[in-house]
Amino acid sequence: MNQVWPQSTFLGRLQGSTLEDLMRHGTRIAYPTHRPLLQQGDESRHVLLLTRGVVKVVASAESGYEMLLAVRVGGDLVGEMAAFEGRPRSGTVVACSEVSARIIQLRDLEDFLVRHPDAMRAMLAMLSARLRWANQRRIDFRAYDSSTRLARVLVELTQTYGHPTPEKVGKRHEIGLSLNQSELASLAGVALPTAERALASLSQLGLVERSYRRLLILDVPKLLSFAKVVE
């Protein structure tokens, strides 16, 4: 098993024979960019183990309002909430790039977790981290202004998906995700015009640089300070 997945992902939390066993489960499948992998409201009971690519999880209200709930990358598991709860899908998962995955049926996953207690612990850790992230967004909504909330989201994206650029290693990081301003606004829980103003403010402060779907953090320590994040 030569591929390395981010430590925050389900596969990144597994090691040795447990990881090798999991990768023998399910059916391999590939999705082109923009293709839905799972549909909100669907009652299927399988999960998808992402092995390559980036997806976004979006949810639509009856009013038609659509919100970006999360971003997932190779190594992540998606669709587990509906599978474990036996309820319809709470969101739609859409490929942001070419995606490779394994379709694993719920019973197969449950049997695997019973055989591998370390994988069960990894699953609980992953679910706890996602709940912690959601709780933190709720706290941020009440505790910080819009610019700080957006900065805190950028810090988490940088810590999870960012990678240093060749120049000024340790300070400049590129967030390796293709997100537009509307999607960033959804993650931060702010309106699009508010997010646009906040990004402009962060840019003027020399903290971020934006081009088309590319986001560069110019000074990670200063962004941490601005976002009131204590390492």
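Me: How do I read the packing of helix H3 (residues 106-115) against H4, and at what angle do their axes cross?
Reply: Two packed helices are described by the angle between their axes and the distance between the axes. In this predicted model, the axes of H3 and H4 come within 5 Å and cross at roughly 115 degrees. That makes H3 roughly perpendicular to H4, since angles of 65 to 115 degrees count as such.

Me: Which residues of H3 and H4 make the contact?
Reply: On the H3 side they are Leu109, Phe112, Leu113, Val114 and Arg115. H4 contributes Pro117, Ala119, Met120 and Met123. Sorted by class, the contact of H3 with H4 has eight nonpolar residues, no polar ones and one charged.

Me: How far apart are the axes of H5 and helix H7 (residues 192-204), and at what angle do they pack?
Reply: The axes of H5 and H7 are 9 Å apart, and the angle is about 75 degrees. H5 and H7 are therefore roughly perpendicular to each other.

Me: Which residues of H5 meet which residues of H7?
Reply: From H5 come Ser146, Ser147, Leu150, Ala151 and Leu154, and from H7 come Thr194, Ala195, Ala198, Leu199 and Leu202. The contact of H5 with H7 divides into seven nonpolar, three polar and no charged residues.

Me: Take one residue of that contact. Is Ser147 buried or exposed?
Reply: Ser147, which lies in helix H5, has a relative accessibility of 17% and counts as buried. The cut-off for that label is under 20%. Leaving aside neighbours within four places in sequence, Ser147 is in contact with Ala198 and Phe226.

Me: Where is Val190 found, and what does Val190 touch?
Reply: Val190 sits in the loop between H6 and H7. Val190 counts as buried, at 13% relative accessibility. Not counting residues up to four places away in sequence, Val190 touches Ser146, Arg149, Ala185 and Ala195. To place Val190 relative to another part of the chain, take Leu48: the two are 142 residues apart in sequence, and their C-alpha atoms are 30 Å apart in space.

Me: Now the charged pairs. How many salt bridges does the count come to?
Reply: Side chains of opposite charge can pair when their charged atoms come close. Here the count comes to 10 salt bridges. The rule asks for a side-chain nitrogen of Lys or Arg within 4 Å of a carboxyl oxygen of Asp or Glu.

Me: What is the N to O distance for Asp21 and Arg24?
Reply: The distance is 3.9 Å, and the two side chains form a salt bridge. Asp21 is buried, at 13% relative accessibility. Arg24 is exposed, with a relative accessible area of 61%.

Me: Which parts of the chain does the pair of Lys56 and Glu183 link?
Reply: Lys56 and Glu183 meet in a salt bridge through their side chains, at 2.6 Å from N to O. This pair links distant parts of the chain: Lys56 is in strand S4 (residues 54-60) and Glu183 in helix H6 (residues 181-188), 127 residues apart. Glu183 is buried, with 7% relative accessibility.

Me: With which residue does Arg137 form a salt bridge?
Reply: The partner is Glu156, and the closest N and O atoms are 3.1 Å apart. Arg137 lies in helix H4 (residues 117-143) and Glu156 in helix H5 (residues 146-161), so the pair ties together parts that are 19 residues apart in sequence. Arg137 counts as buried, at 12% relative accessibility, whereas Glu156 is partly exposed, at 22%. Salt bridges that share partners join Arg137, Asp140, Arg152 and Glu156 into one network.

Me: Last, the whole chain. How many helices and strands does the protein chain have?
Reply: The protein chain has eight helices and 12 strands. Along the principal axes, its C-alpha atoms fill a box of roughly 50 × 45 × 35 Å.

Me: What radius of gyration would a compact globule with 231 residues have?
Reply: Such a globule would have a radius of gyration near 17 Å; the protein chain has 18 Å, which agrees. Buried residues make up 46% of the 231 residues.

Me: And what share of the contacts with a separation of 6 or more comes from residues 24 or more positions apart?
Reply: In the protein chain, such residues account for 68% of those contacts.

Notes. Residues numbered from 1 in each chain as written. Predicted model: local features only at pLDDT ≥ 70, side-chain atom pairs only at ≥ 80, totals over all residues. Heavy atoms only, no water. Buried < 20%, exposed > 50% of the residue type's maximum accessible area, 1.4 Å probe, protein only. Helix = DSSP H or I, 4+ residues; strand = E, 2+ residues; numbered from the N terminus. Contact = heavy atoms within 4.5 Å. Axes fitted to C-alpha atoms, helices over the stretch in contact; angles between N-to-C directions. Parallel < 35°, antiparallel > 145°, perpendicular 65-115°, else oblique. Nonpolar A, V, L, I, M, F, W, Y, C, P; charged D, E, K, R; others polar. Rg over C-alpha atoms; globule rule 2.2 N^0.38 Å.
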